[in-house]
Every structure is written in structure tokens, then in C-alpha cells.
Amino acid sequence: MALPLLQIALDNLTIEDAITSAKKAAKYIDVIEVGTILLASEGKKAIKALKDAFPDKIIVADGKIADAGKVFAKMFYDNGADFTTAICAAENATMQDLVNFSKEYSPSKELQVEMTTNFSWEQVESWKKSGVPQVVWHRARDAQAAGVKWGQKDIEIVKKLANMGFKVTVTGGVEVEDIKLFKDIPIFIFIAGRSIRDAADPELAAKEFKDEFKKYWK
Ligand code: 5RP
Ligand code: MG
């Protein structure tokens, strides 16, 4: 089973701060996320700045697109994003537009549907039919703050999504000790934001994630 990739979520408030955070951990990072918070704070220029600073990394624009899919996707891809996210509440028409537009733009551009617990399996089936390549299983930041822990339910959902053929990312306050919960599942990417950005030694924190991946995915 392929080793998962490590993505750093840059939910910083300024581009300068985001680049500083990313530089500190870059050695062990595969994917750089321009976080929703950074996008709201600094706009599309944040995507360009991160792509310019890290041309060899995969760049994700976590725009959580809800509507006007093509307008947002064009804006994000034109500025250097490789993947863009849409929120699971978006209509099927938005998902289909995003899948088609991404493919037309370039075969390397991909949509990730960001899932919270507010979804139905009927929707997931419709994403599959539309050709959605990636999903992100997301413990919402506010749910985490309200005390929601990772559990068996997450594992079952993630397993089912992977079995359906999606490339699956896991995110939402992920710590190194959470990684083993998902062993034996082909996870495409784990995202860590605060657990790397706020660490005393971000490079070491990122390395610890990579070492943990090697223990469980061989
Ligand atoms: C919140 C997000 C965050 O980017 C995601 O939760 C990862 O950051 P952290 O590891 O700090 O929770 O999309 O909506
Ligand atoms: Mg994010």
C-alpha cells in the first residue's frame, strides 16, 4: 500500500506568516494547503505566493466551493493550485462542473470534495457517478473544539470511501497519535495544520508524521 502524503494546512492570517510556517516544515511536506482562512484573509494572491515559493510541491486551494464552481476553480488553477476543494453541501451540478472543468483545464488538476458529517451516501454515489476523484474526510474544527474525538465511525466511513475507489484524505486536528487508527486503509493524504504549525519544532513534527506513516503503510 502506498505511503500517505503529508499536507500542511496553512490557515494563517497572512501570506508572509504562511510562507514562514511552510518553510519551517518543508523538508517533510508533500502537499501545501492554502487554507480557507488564509484564502479569506488574503485572497487568490495567497495561492500564487505559495506556488512561487514552493514550485515543486502540490498546492491545494481549500476554497470549500459551494456554488459557481467554474468561476472559483478557474481563479484557483490560474493562480497555481493543483487541487481545489468543494464543500459536500454543493449541488450535483456544481460537482459535475468542477469535475469537467478540472479535467479540461489539465489532467493534473483535481477536485476534492470536503465532507463533514452532514452528508448522505446517496450524495457520495452521485459524486462517484460524476467522476469525483478525491474526497476529504473532515472532522470540523468547531466539532473538535466541542469535544468530538476520532472513533470507529470515522474509520468505517473512511474505509467505505476508499473501497468505493476515491482517493481519501483525512483532516481535522490530526495529531501523530491519530495516524494508527487509519492503518490498513489506503489513505492518500493526511493533513496536519496546527499540529505542525504550532509545534515547537515544525520540521520534527512533520518528520514524526512521516515516520508514523512508514510504520503502518509498507
Ligand atoms: C478547517 C480546515 C483545516 O485546514 C483543517 O482542519 C486542517 O487544519 P488543522 O489540522 O489545524 O485542524 O480546513 O476547516
Ligand atoms: Mg483546510
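In the side chain of Lys64, an N or O atom is placed 2.8 Å from an oxygen atom of ligand 1. The model is a predicted one, and the distances reported here are computed from it. A polar side-chain atom of Asp11 is found 2.6 Å from an oxygen atom of ligand 1, and for Glu33 the corresponding distance from a polar side-chain atom to a ligand oxygen is 3.1 Å. In total, 13 residues surround ligand 1, and the closest are Asp11, Lys64, Gly173, Gly193 and Arg194.

Asp30 occupies the loop that runs between helix H1 (15-25) and strand S2 (31-34). Asp30 is classed as partly exposed because its relative accessibility is 22%, whereas buried residues fall under 20%. Leaving aside residues up to four places away in sequence, Asp30 is in contact with Leu5, Leu6, Lys57, Ile58 and Lys210. With Lys210, the side chain of Asp30 forms a polar contact of 3.0 Å.

On the H1 side, the contact involves Ile15, Ala18 and Ile19, which meet Lys45, Ala46, Ala49, Leu50 and Ala53 of H3. Sorted by class, the residues in the contact of H1 with H3 comprise seven nonpolar, no polar and one charged.

Notes
Residues numbered from 1 in each chain as written. Chains lettered and ligands numbered in written order. Predicted model: local features only at pLDDT ≥ 70, side-chain atom pairs only at ≥ 80, totals over all residues. Heavy atoms only, no water. Helix = DSSP H or I, 4+ residues; strand = E, 2+ residues; numbered from the N terminus. Buried < 20%, exposed > 50% of the residue type's maximum accessible area, 1.4 Å probe, protein only. Contact = heavy atoms within 4.5 Å. Polar contact = N/O pair within 3.5 Å; in protein donor to acceptor, adjacent residues only side chain to side chain. Nonpolar A, V, L, I, M, F, W, Y, C, P; charged D, E, K, R; others polar. Near = heavy atom within 4 Å.
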